[in-house]
Amino acid sequence: MTVFILRRLMQSAVVLVLMSVLVFLGVFAIGNPVDILISPQADQAEITRATAALGLDKPLWQQYFVFLANALGGNLGNSFVFNEPSLWLIAQRLPATLELAFSALLIAVVLGLPLGLYAGLKPDTTLARLIGAGSILGFSLPTFWVGIMLIMVFAVELGWLPSTGRGATVHVLGVGLSFLTWDGLKHLLLPAVNLSLSRMALVIRLGASGTREVVHMDYVKFAQAKGLRPSRIIRVHVLRNILIPIVTVLGLETGAVIAFSMVTETIFAWPGIGRLIISSITVLDRPVIVASLMMTVLLVVLINLLVDMLYSVLDPRVRHGEAPG
Amino acid sequence: MTALNEPRDRLEVGNAAEMPFRRVLADFFGSTLAVGGLGALSGIVFIALVAPWISPQNPYDLARLDLLDGRLPPGSGSSDGAIIYWLGTDDQGRDMLSAIFYGLRTSLVVGGLSAGFALIIGAVLGLIAAYIGGRSEMLIMRLVDLQLSLPAILVALILLALLGHGVAKIILALVVVQWAYFARTVRGSALVERRKEYIDAARCLALSDARIMLHHLLPNCLPPLIVVLTVQVAHAITLEATLSFLGIGLPITEPSLGLLIANGFEYMISGKYWISLFPGLALLAAIMSINLVGDRLRDVLNPRLQR
C-alpha cells in the first residue's frame, strides 16, 4: 500500500519536473525577456545591466533552479497585464473552473447512467438505438462546435438561457459559487451541459455494455427467480456491478474535463482558469501563461494521484496486482 | 451468420496470400453505413484535392475579396454579379463555399500528416519495446504512461503556447500527443506475435533484428494499427480545429475549418449563423465519415468477431 502510493507520488513528481523544464525552456529561453522589458533605444550597457539584474547572464541550469525555487516559494511572477501576482489571479479563478468541471461530471452521470441502463436492458427498442446513435455523436462532435450550437439555439434563437459569464454568485467561506442562485444556475447550465456531453456519451456506452453483460449473470437470474421486484434487481444487483468501470473511467476523465474546460470557458466567457490560459496566450502575458499552465498540470496530476489512491483503498486488486515496471 | 461465414469458407480453399485482403473488403462492404461513410469520405478527400479548381473564388487572395460583399446571407450574388455566394460570405466578403473547400484541405493535410508521423514513430518505438525488451522497453513504456496520463489537448496547448503558430508546429504538437497510442497498440500485438513460430524461424535464419521487426513483426501487427490510425486521424482533425478555434493553432493566413468557425462566432449573436454553421457542418461530415469507416474496420479486422 505505502509502496504503491510512494511510487505514484514519484511518478507525479517526475511529470511535474518534466513539465516545469519544458515550460521553462519554452518561455524563458526561447525569445529574450529583456527585449520586452527594456526600451528599444537602450544602449549595450543598459541591456547588460538589465540582463544581469534578471539573472539572465547565468548558465541556463542555474536560471532553471532560480525559477524552480521561486515557483516552490509560490512566486510565479507578476502578470504583465493585471500587474498582480499570477498565482493570485489563478486562485481567484479556480472555484469557477472546479464548479464547472464537477457540474459537468454530475450531469454526465445523472443523465448518462439511466440512459445507458435503459439501452442495456432493452437493446432492441428504437429508443435504445437512438440513445446508442446519440452517444456516438457525443463522441464525434467537437466540444467547441457543440458549444456554439448550444448558444445559437438556446441563447440566440430561443433566448431561454444566458450565454456568457457566471451570473450572480453566493460567497461561501470566501469562495464564489454560482449554483446557489437561480441566476447563477441559469448561467451554469449551458456550459456544464456542453462540457458534459462527451463524458455522458462515455457513461452511456459503458453503462449499456456493462448492463448487457450483467443481466445474463447467474446472480441476476437468481434474484429474478427469488421473485424480487425488477426495480430492486436493477438498483441493487445490476447498477452496483456496472458502476465499477464507470467510476474508474470517470476518475481518469476528470483531468480531461479540467483540460477541456479551457474550450468551454472560452466559448461561454466563463471566468475560470481555462479562459485565463487562452487570453494570456493571446496577449503574451508570459508569467500568467507559465503559472496557469503549470497549475493546470498540477491540478490534473493531483486528481490522477487522488483517483489512483482511492482505487487502492476501494479495490484490493489494484494494490496487490500492480504489475512491476 | 451464414452471410458472414461465406467469405471465410472461400478463404480456406483460395490463394492464401491475397484472400485476407479480399475477405476484409467483402466484410467491409457488408455494412451500408460504413459504405456510406466511405463514400462521403472519398467525396470530401476529392473536394480537398481539387479545391483550387472547383472553388468559385480563391478565398485567401485578399486582392480578389470585396469588402462590400461582407456578411451576405447564403444565395446572394456578388456586387459585380460575377458569382453567387451559395453559402454566404464572411466579414471580409470571402465566399464561404470556397473557404470551406480550402479549409477541408488544410484540416485533412494536418490530420493525415500528424497521424501518419505519429504512426511511424509510435510503431517503431512499440516494436522496439516488444522485441528488444529490457531497459528500452521500460523507458518507452514509462514515456507512454506519462504521455497518456495528461490530457492530449492540454499537452498540445502547452507545446503551441511555447512554439507559436504554424502548420509545421501544430503537426509537431499533434505528433507528440498521438505517438503513444500507436506505440501502446503495436507493443500489445507485437508481444503476442513475437512468441509465434515464424519469428523463431526468422531468428534461426540469422536475419537482423531490424529486418525481423519491420518485415515479419510489423505486417502482423497492422490490423489494430489501421483502426487506431483512423481514430487518430479524426482525433487530430478535431484537435486542430479546436486549437485553431481557440486562436492558438493555425495562423489567420492558413485556411482552416476551426478558424472559420471562430471567425463566425462573434457574428452569430447577431443572427449571421452561416459564417460558423457551414464550416462546422463540413468539419462534422469529415469527422463522422472517418469514424464510420473506422468503426466498421474495427469490427472487420477484429479476429475475435470473425469466429
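A nonpolar core is a set of buried Ala, Val, Leu, Ile, Met, Phe, Trp, Tyr and Cys residues joined through C-beta atoms within 7 Å. The model here is predicted. Its largest nonpolar core holds 156 residues. Within that core, B:Ala156 and B:Leu157 touch the most other members. Helix H5 of chain B, residues 96-131, gives the most to this core, with 19 residues.

**Around B:Ala156**

Which residues does B:Ala156 contact, leaving aside its neighbours within four places in sequence? They are B:Ala173, B:Leu174, B:Val177, B:Leu239 and B:Leu243. B:Ala156 also takes part in a meeting of two helices, H7(B) and H8(B).

**Two packed helices**

Two packed helices are described by the angle between their axes and the distance between the axes. For helix H7 (residues 152-163) and helix H8 (residues 167-194) of chain B, the angle is about 145° and the axes are 9 Å apart. Their crossing is right-handed. The table lists the residues that meet.

| Helix | Residues in the contact |
|---|---|
| H7(B) | B:Ala152, B:Val155, B:Ala156, B:Leu159, B:Leu160, B:Leu163 |
| H8(B) | B:Lys169, B:Ile170, B:Ala173, B:Leu174, B:Val176, B:Val177 |

By class, this contact has eleven nonpolar residues, one charged residue and no polar ones.

**An exposed serine**

Now move to helix H3 of chain B, residues 32-49, where B:Ser42 has its place. Is B:Ser42 buried or exposed? B:Ser42 is exposed, because 12 other C-beta atoms lie within 10 Å, and a residue with 12 or fewer counts as exposed. In sequence, B:Ser42 and B:Ala286 are 244 residues apart. In space, their C-alpha atoms are 9.9 Å apart.

**Chain A as a whole**

Chain A has 325 residues, and buried residues make up 37% of them. Its secondary structure comes to 13 helices and two strands. Take the contacts in chain A with a separation of 6 or more: residues 24 or more positions apart account for 68% of them.

**Where the chains touch**

How many residues of chain A are in contact with chain B? There are 33, and they contact 31 residues of chain B. Several helices of chain A each supply at least two residues to the side that touches chain B: H1 (2-29), H7 (143-157), H10 (230-267), H11 (273-282) and H12 (286-314). What classes of residue make up that side of chain A? It has 24 nonpolar and nine polar residues, and no charged ones.

Methods: Residues numbered from 1 in each chain as written. Chains lettered and ligands numbered in written order. Predicted model: local features only at pLDDT ≥ 70, side-chain atom pairs only at ≥ 80, totals over all residues. Buried ≥ 20, exposed ≤ 12 C-beta atoms within 10 Å, placed from the backbone. Helix = DSSP H or I, 4+ residues; strand = E, 2+ residues; numbered from the N terminus. Contact = placed C-beta atoms within 7 Å. Nonpolar A, V, L, I, M, F, W, Y, C, P; charged D, E, K, R; others polar. Axes fitted to C-alpha atoms, helices over the stretch in contact; angles between N-to-C directions. Left-handed = near helix turned anticlockwise from the far one by under 90°.
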